[in-house]
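Subject: Structure for you to look at

Hello,

Here is the structure I said I would pass on. Please open it alongside this message; my notes follow below.

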Amino acid sequence: MAALFLDFRIALLSVFEHRRRALFLGTAVACVTTMLVLLNGLSNGIRSTLVDTATTLSTGHLNVGGFYKVTSGQAGAVVTEYEKVREIALKALPEADFTVERGRGWGKVVSDQASMQAGISGVDIRREGSFKKVLRIASGNIDELGEPRTILIFQTQAKKLKVKVGDAITISAQTTRGTANTIDCRIVAIAEDVGLLSSWNVFISNESLRALYQLRSDVTGAIQIHVKPAYVNKLAPLAGRLRNALEQAGYRLMEPDARAFWMKFDSVTREDWTGQKLDVTTWEDELSFMMWTLNALNGLSFVLMIILIAIVVTGIMNTMWITIRERTREIGTLRAIGMQRGGVVRMFLWESFLLGSLGALGGGIAGAGIAGALNAAKIHVPFSVQLFLMTDTLHLAVAPAALFKAVLLIAVVTAAAALYPALRAARLKPVDAMSHFG
Amino acid sequence: MKAIVSIENATKDYRLGKVVVNALRGVSIDVARGEFLSIAGPSGSGKTTLLTLIGCVDTPTTGTVEVAGRDTAKLSERELTSLRLNTIGFIFQSFNLVGVLDVFRNVELPLLLQRSLSAGERSKRVLSLLERVGLMEHVRHRPNELSGGQRQRVAIARALVTRPELVLADEPTANLDSVTGQNILDLRKELNRSEHSTFIFSTHDARVMSHASQIVRLADGKLAEGISTGPTVSELHEVSSAKA
C-alpha cells in the first residue's frame, strides 16, 4: 500500500518543503473558494427565500388552477367543485404534504382618500399556520382575518391608501358573469412588505372572496399543493402525473404554459370555449415574471465563477511550471531509477490536488463562516432589492452539499490545471532532465 | 559466460544548435556477468555518455546496445523504465537524491517502485544496507543535512538496494574519503560474490581501477587502447602513493 502512495508522499512532502509558495497559492485558492461559496450562498439564499415566501403567500409547489368561462369572452380564475379535484390530486401525488385552497381575483381597493388596483387572494388563515410565520405583522392581528369582511394589506399599500388598522375599505371587482360587485372590508392587520408580492397583493378571507365574486362554496381560485421537501426540486414529473390523472378523470386541461395565472387572462378570453378548464402549474410558472432576477443572478454567478476558476487555473499552472523547472533533475533521477511516466504525472497532480483541496477546504469553511456571520448580522437590503428578494434582510443559504461541491470543484480544477505541466514533465527524457541546471 | 552488456559499434551524436557533437564514435564492448569494468578517460571522452547508453536512460544514434539480452533501441519507454528499475542500479556523480525524502526513504525508493517486497522486508533490507555504508545514525536525516560523502553513500545504498544485476556508477568515490571509498569497494566485492552483480564504474580513481577486472579507456568518443585487464603502471603508482 505504501508503494501505491509513493508519488503522493513525495507530493505531500514537496508541498510542505515549499510551504511559503504553498501558503501563498493555497490562500489564493481559499479566497476564490470563499467567493464561490458566498456567491452560491447568495444565489441559493435568494432562491430559498423566494420559494419559502412565494409558496406561502401566492403559490403552492404545484397548483391546480384554471378558468371558468360563462361565455367565450368572459373568464374567471376559478376551479369549480374543488374538493373533487383535490381528491384526485392527492390520490395521484403521494409526494404531496398538504394542500390549501386560495381564492384568486383582481380588483380595485378603495379607501376614503385613495385607490389602487390589486390582486385579491382569498385565504383560510385558520388552516394556514405557515402564513403567519412568513409575514411580519406591523400592526393589528392576523388571526382576525378568519372573520368575514376583513382584509390584510401591506405597509406600502397602507401608506398609499392612507389607512390604518380598523379603517374600512371597499373592494370592487367584476364577477365571472361580468357584473360589477363590491364589498366593504375592515383592515385587521398591516404586514411588513415582502418584496414584489406585497406590492400588488392583498389578502381577504375565502368567504369574503366568494362573496365578492358571487361564487358558490365549492368554488375556489386554485388548489395549492405543497410537496414533501425531498420533491421540491423534482416537480416536472409530478406535474405531468397530475395532469394525466386529471385528464383521465374527465377534466379538460389547458396546454402547459409557464406563466402566472393573471398573465393568461388575455389569451384565455380570446379562446373560443366555455365551461371549466383546469391548469396545472409549478411555483416557477406562477413566479415566471420574477424568475429573471434569479436567472440573472445565476448567470452572473456563473460568469464570476468562470473568471475565478480561470485565475486559479493560471496560478496553479504557473506554479507547476516553476516547480517542474526547479525539480527537473529530480524528475530525471526518478525516471532513471525506474519511475514510470504515470508516476511523475501522478506526483504533480497530487501536489496540485493537495494545494487545491487544502486551499478549497479552508476557503469553504471561511465562506460558510462568513455566510453564517452575515445571516446572524441580519443585514438590511435596500427597498429596490427587497422587491426581488421578497425579504428585507440578506440571507445566504450555504447547504453542506453545495459547500462540498464547491470544494470538490476547486480541488478537481486545480488538479486538472496541473495536468498539462505534469504531462510535459513526464515526457522529459531522463538523460536531459538529469543534466538540467536551473 | 553470456554478456550482460553487449555494445556493437555504438555512436551517439548530440546537436548543440547547428553543431553536431559526436560523443561516441563506434564503441564496441562486451561485459560478462559478474565482471567489474572500469571506464577511464579524460573529461569529455564520452565516459558518461557510454554509461547513459548502458543504463538505458538514452539510446544510441547508431549501433546496438544490449542490456540483459535486450536491444535497448527496440524497447518502448515503459519497457526501458522497467529494465532500469529491475536490472540496473545507478550511482550518480552528483548523488541525485530526492531532497524531500529522508535517507531511509531515498534508499527505499526503488523498492517502493518495484512493489515486490512487504514493508517489513523493505525496512530490513534498507537498514541492513545503511548499516553497511555507515549511515545508521542518519536514517531520518534529509540529504541537505548530510555531507557530500554521506550523500554519496546514500546514493550507493539506493543503487544496491534492489540487488541489481548491473550497477553503474559515475565517479562513485570522487566525493568520499579513503576509508569510505574502501568500504564501498568492499561492499562491491561482497555483492559481486553474493549476487554475482556486474559493476561498471566510470572513474579517475586509480584505487578503483586497481579492483577492476577490465578497464576500458576512452578518448574522443572512441576506445583508446582497446580493453586492458588492469591499471597502468602510472595508475598503480598513484595507488601506492595514496596508500603511503
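How many salt bridges are there between chain B and chain A? The count is 4. Please keep in mind that this is a predicted model.

**Chain B against chain A**

One of the salt bridges joins A:R335 to B:E77. Their closest N and O atoms are 2.5 Å apart. Polar contacts are there too: 10 residue pairs between chain B and chain A, with both partners at pLDDT 80 or more. On the chain B side, α2 (77-87) and α3 each supply at least two residues. By class, the side of chain B that touches chain A divides into 11 nonpolar, 6 polar and 10 charged residues.

Now the extent of the interface. In total, 27 residues of chain B are in contact with 25 residues of chain A. The two chains bury about 2,400 Å² between them. Carbon and sulfur atoms account for 62% of that area.

**A residue to look at: A:Q340**

A:Q340 sits in the loop between α12 (328-337) and α13 (341-377) of chain A. What does A:Q340 contact, leaving aside its neighbours within four places in sequence? The list is A:R335, B:E77, B:R78, B:T81 and B:S82. Two of these names, A:R335 and B:E77, are the salt-bridge pair described above. With B:R78 there is a polar approach: a polar atom of the A:Q340 side chain lies 3.1 Å from the backbone oxygen of B:R78. For orientation within chain A, take A:S199. A:Q340 and A:S199 are 141 residues apart in sequence. In space they are 68 Å apart, C-alpha to C-alpha.

**A helix pair across the chains**

Helix α1 (residues 6-17) of chain A packs with helix α3 (residues 103-114) of chain B. The angle is about 145 degrees, and the axes are 11 Å apart. From α1(A), the contact uses A:L6, A:R9 and A:I10. From α3(B), it uses B:R105, B:E108, B:L109, B:L112 and B:L113. By class, that contact has 5 nonpolar and 3 charged residues, and no polar ones.

**Inside chain A**

Where do the two domains meet, and with what?

- Contacts: 11 residues of domain 1 of chain A touch 13 residues of domain 2 of chain A.
- Area: about 1,000 Å² is buried between the two domains, and carbon and sulfur atoms give 67% of it.
- Salt bridges: the count between the two domains is 0.
- Elements: on the domain 1 side, α2 (19-57), α11 (288-326) and α14 (383-389) of chain A each supply at least two residues.
- Main contributor: α2(A) gives the most to that side, with 4 residues.
- Classes: the domain 1 side has 7 nonpolar, 1 polar and 3 charged residues.

To put the two interfaces side by side: between chain B and chain A the salt-bridge count is 4, whereas between domain 1 and domain 2 of chain A it is 0.

Best wishes

Terms used. Residues are numbered from 1 along each chain as its sequence is written. Chains are lettered from A and ligands numbered from 1 in the order in which they are written. This is a predicted model: local features need pLDDT of at least 70, side-chain atom pairs count only at pLDDT 80 or more; totals for chains, interfaces and linings use all residues. Side-chain values use heavy atoms; hydrogens and water are left out. Contact means heavy atoms within 4.5 Å. Buried area is the accessible area (1.4 Å probe) that two parts lose on being put together, summed over both. A salt bridge is a side-chain nitrogen of Lys or Arg within 4 Å of a carboxyl oxygen of Asp or Glu. Ala, Val, Leu, Ile, Met, Phe, Trp, Tyr, Cys and Pro count as nonpolar, Asp, Glu, Lys and Arg as charged, and the others, Gly among them, as polar. Axes are lines fitted to C-alpha atoms, for helices over the stretch in contact, and angles run from 0 to 180 degrees between N-to-C directions. A polar contact is a pair of N or O atoms within 3.5 Å; within protein, one must be able to donate a hydrogen and the other to accept it, and residues adjacent in sequence count only if both atoms are side-chain atoms.
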